[in-house]
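Hi,

Here is the structure I promised to pass on.

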Amino acid sequence: MTQNRPKVLVVDDAATVRLYHTKLLGDAGFEVAEAANGLEAVEAAMSTAFDLFVVDVNMPKMNGYTCVETLRSETVGTPAPILMISTEDRAGDADRAYAAGANLYLVKPVDAERLARVARMLTSGVAA
Amino acid sequence: MNPLLAQFLAEAADLLTQVDEGLLQLERDPGDPELVNEVFRAAHTFKGSSGLFDFPELTRLTHAAEDLLDAVRSGRLALDSGMADDLLAAFDLIRGWLAHVTVHEQLPATAGPAAQSLITKLRGPLGGESAPAASDSAPAPSAVAVAVRGPDWLDVFDAEWLEKTASWLSTTSATMRFVRYTPDEGCFFRAEDPLHLMSQVPAPAVLALIQPFEWPPAETYDEYQCLIGFALATRAAVGELNHLFRYVPDQVEIVELDGDAIRRHLSGEEPPEPPPAVVAEAVVQSQAENVELARDAYAILAAAQRSLTVDSPSGARLSAVARSVAAAASALGVPVEAEEPDIESLTARVATLLAETPAPAEEPPPVVAPPPAERAPSDRARTDDPGGQVGTRILKVDQEKVDHLMELVGELNVAKNGLTFLADAAEEEFGSRVLGRRIKDQYSGLHRIAEELQAAVMDVRMLPLSVAFSRFPRLIRDLSRRLGKTVELVTEGEDTMADKDVIEALGDPLVHLVRNSLDHGIETPAEREAAGKAPAAKITLTAVADGDAVIVEIADDGRGIDADRVKRKAYEKGLISEDELESLTESDAVDLIFRPGFSTADQVSDLSGRGVGMDAVRASVEKLGGTVSMRSQFGRGTSTRLRLPLSMAVTQVMVVSVAGQRFGIPVDLVVETVRVPGAELGRVLHSDVVVLRGEVVPVIDLARALDMPWTPDPAADRAILIVSLHGQRVGLLVEQFHREVDVILKPMEGLLAYAGEFSGTALLGDGLVLLVLNMKEVLSLAARAQ
């Protein structure tokens, strides 16, 4: 039986950060897609069932919080884990992420090994 | 260079341009919240990307700029020119660093001190603002003045090191900052990383750990409780430390000490207690990995607990929390048999896992089937068809690939032209008129396709003129301040499209014209008011499409050109004769500015050189196949107009022959072709002329001009090509007209580059190399041949 690689959507308006996360997660064995803002992410999620989302906070068109809320709302309704990553490291920011529906909040730049570890952990329930 | 760095540098250029443009607009319209937001976002995105690389000064400087912008956008500060200057200087410095990184892949050695100087300036306005905020948080994190005596916790530092440091500080009359950071025991649950935070302190001298007075017994030891404090000596500024620890001010104590203060501490009445021995414990790699895994799992559980506390999740959010809890439990080795979507049992489970980790959890509670409504969203998500990915609509293409495609299109045009020769051959050599006609029909179809393909490819190379205009707001701002003048820049028609090569070649002429306008054209505010003008001058950059050309105009409302002064200066420099001095019209006089060696600036300025640039401007524009013209009203302003071809790739030429040799003449110069009886050619003074519809047109014998042996048959009609050069019509006597063809013009190279009468060569469809004439030079040759 062939191994199904979990699908991850990396959402960040900085092309450099997207490239960085895409490479890390790709090397860790994930199938990675990209979105440049929250709106693109919602559109992608409506046509593809992702197993994990890695979402930035500050983005044009639709920011990370609204994006996560929309992913959790009836519009998309994904139960997949959402990992939010931001350069903002205040306590209130994390709470806002959790209120929107995120499952973990990390501060940029994320340690490469930690990102891979957390991603593997959060997608460990995906059927092989 | 690794691709991630290359991507970063490409993106950085875009983001820094956004910042620059935004800041200049903000100076004009400080109250625009949307504009501040845009600038902040560009700086913020840039900072986030820079954090991926080992460029600490870059990230710190950007962070300082971002904090200032954040204060502006939240309304705490109003942007003024000083702040704009500092921000522009910061991003200029960053731009220079990135140029260095492009070559060396690391920041220059001078980055640290250069960044520090600007960081101090950028934090200046924030410093004043943060003073009341600091008083709100207790205790105040920093001492206002140098402390008289060191705090007790200074004992954690080695006494010998303290003694040496005290000597050094006294000798250099310097001070040093000492920081004690006592993280909260539960800091890990707030995603704080005390060691990481300490490692961010710039210019550290010594870092020491403050261990607890007594370690807890092993059976009650909780490795997720932070029991260690930190003490650090650093040369960083107090303001910078305050900023770094701004989120944990209650856990930080910062003192500034000089040598005397340290000595007073060392010579305290009671001898210091020896510090507890530091025991370093080796950690096996596999154990470290398990610890890391457990820490991550714990972070996820803490986040889940936070999610359940902040709000009561339901639906997809509840399912997601349950899933993440199951994942963390699995990583901790606690088996989970089913999802538990109800909030109460999930909350209890999370609490249990957090409390008992790494102890094994209790038996899971009995499984309850989830209600169907809860299952619906996840079912729908799972059964979604994996449709096509939503991709971006923008495709970045290498310039080289587009250029290659352009060359292929050009060669397709050349190959296409071969069909016309084939049609001729079919009729003349094989006597088949039917075949010739069919070939011509095929040629028509191919010609249409080739033209559309060429238009499409050239469209790819089209850029808006805003690309060329975007540098001028900044240039004008800097120069006008330096010159003590007030200038407003107005741009119109920036959306006009032109070829990328044309736009790039346009850059230098435009810069020169703008500099000249600022330096020589525009008066000082005092002069302007004396002349009854508004103190602020206006420079207008306009772009407009005109058929197959684009017109760019630079106009100012400055002093204009004094035609009399120009004529006098030209006469003094020997550019014109005394007769011309008397007879030149005002517009002819203005044109003198474009002569080489001309300059009316009596004092040389380092901004625009010695005025020789105007002939360089005309030369570079004409090299592009364009023209330059200038109009001026003394006392009211000057306007310079550049007309440029839309594209330089494909040239249409009219093929003519003389003495059996074929030549090309650019079609845009051709007015018409006429045949006149030989008798109608007249002679005026030393030139042949022909009268066309009442106009006397001089005629140049092309064969004589090119020194070729050919004499027209006296009895035959004369074939004359009428061309327009600088608004003047000239006739060109040739042997035969041929056809118009599209050619790829290639410049002459090597020794042939000195043959000025040819602007280049082109390959015809039948393999013949066509020489394309430079009409200006040909007319000069003809004049000398008279």
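How many residues does the contact take from chain A and from chain B? It takes 48 from chain A and 49 from chain B, where contact means heavy atoms within 4.5 Å.

Before the rest, some ground rules: this is a predicted model, with local features needing pLDDT of at least 70 and side-chain atom pairs counting only at pLDDT 80 or more, while totals for chains, interfaces and linings use all residues. Residues are numbered from 1 along each chain as its sequence is written, chains are lettered from A and ligands numbered from 1 in the order in which they are written, and side-chain values use heavy atoms, with hydrogens and water left out.

**The interface**

About 4200 Å² is buried between chain A and chain B, with carbon and sulfur atoms giving 59% of that. (Buried area is the accessible area, 1.4 Å probe, that two parts lose on being put together, summed over both.) On the chain A side, A:Thr16, A:Pro79 and A:Met121 supply 17% of the area that chain A buries against chain B, more than any other three residues.

There are three salt bridges between the two chains; a salt bridge here is a side-chain nitrogen of Lys or Arg within 4 Å of a carboxyl oxygen of Asp or Glu. B:Arg306 forms a salt bridge with A:Asp95, and their closest N and O atoms are 2.6 Å apart. As for chain A's helices, helix 1 (15–27), helix 2 (38–47), helix 4 (91–100) and helix 5 (112–122) each supply at least two residues of the side that touches chain B. Helices (H or I, at least four residues) and strands (E, at least two) are DSSP runs, numbered from the N terminus. That side of chain A divides into 26 nonpolar, 11 polar and 11 charged residues, with Ala, Val, Leu, Ile, Met, Phe, Trp, Tyr, Cys and Pro counted as nonpolar, Asp, Glu, Lys and Arg as charged, and the others, Gly among them, as polar.

**The annotated aspartate**

UniProt (an unreviewed entry) puts "modified residue: 4-aspartylphosphate" at A:Asp56. Its positions are given in the numbering used here, feature names are shortened, and annotations may be inferred rather than shown by experiment. A:Asp56 sits in the loop between strand 3 (52–55) and helix 3 (64–72) of chain A. A:Asp56 counts as buried because its relative accessibility is 4% (buried is under 20% relative accessible area, exposed over 50%, partly exposed in between; 1.4 Å probe, protein chains only). Leaving aside neighbours within four places in sequence, its contacts include A:Asp12, A:Asp13 and A:Lys108.

**Salt bridges within chain B**

Over all chains, the structure holds 31 salt bridges. B:Asp20 and B:Arg95 pair up at 3.7 Å, N to O. That pair links helix 1 (residues 3–28) to helix 4 (residues 81–104) of chain B, 75 residues apart. B:Asp20 is buried at 12% relative accessibility, whereas B:Arg95 is partly exposed at 30%.

B:Arg477 and B:Asp85 meet at 2.6 Å, N to O. B:Arg477 is in helix 17 (residues 472–483) and B:Asp85 in helix 4 of chain B, so this pair ties together parts that are 392 residues apart in sequence.

B:Arg177 is in strand 1 (residues 175–181) and B:Glu256 in strand 4 (residues 252–258) of chain B, and both residues are buried. Finally, salt bridges that share partners join B:Asp20, B:Asp85, B:Asp92, B:Arg95, B:Arg474, B:Arg477, B:Asp478 and B:Arg481 into one network.

Cheers
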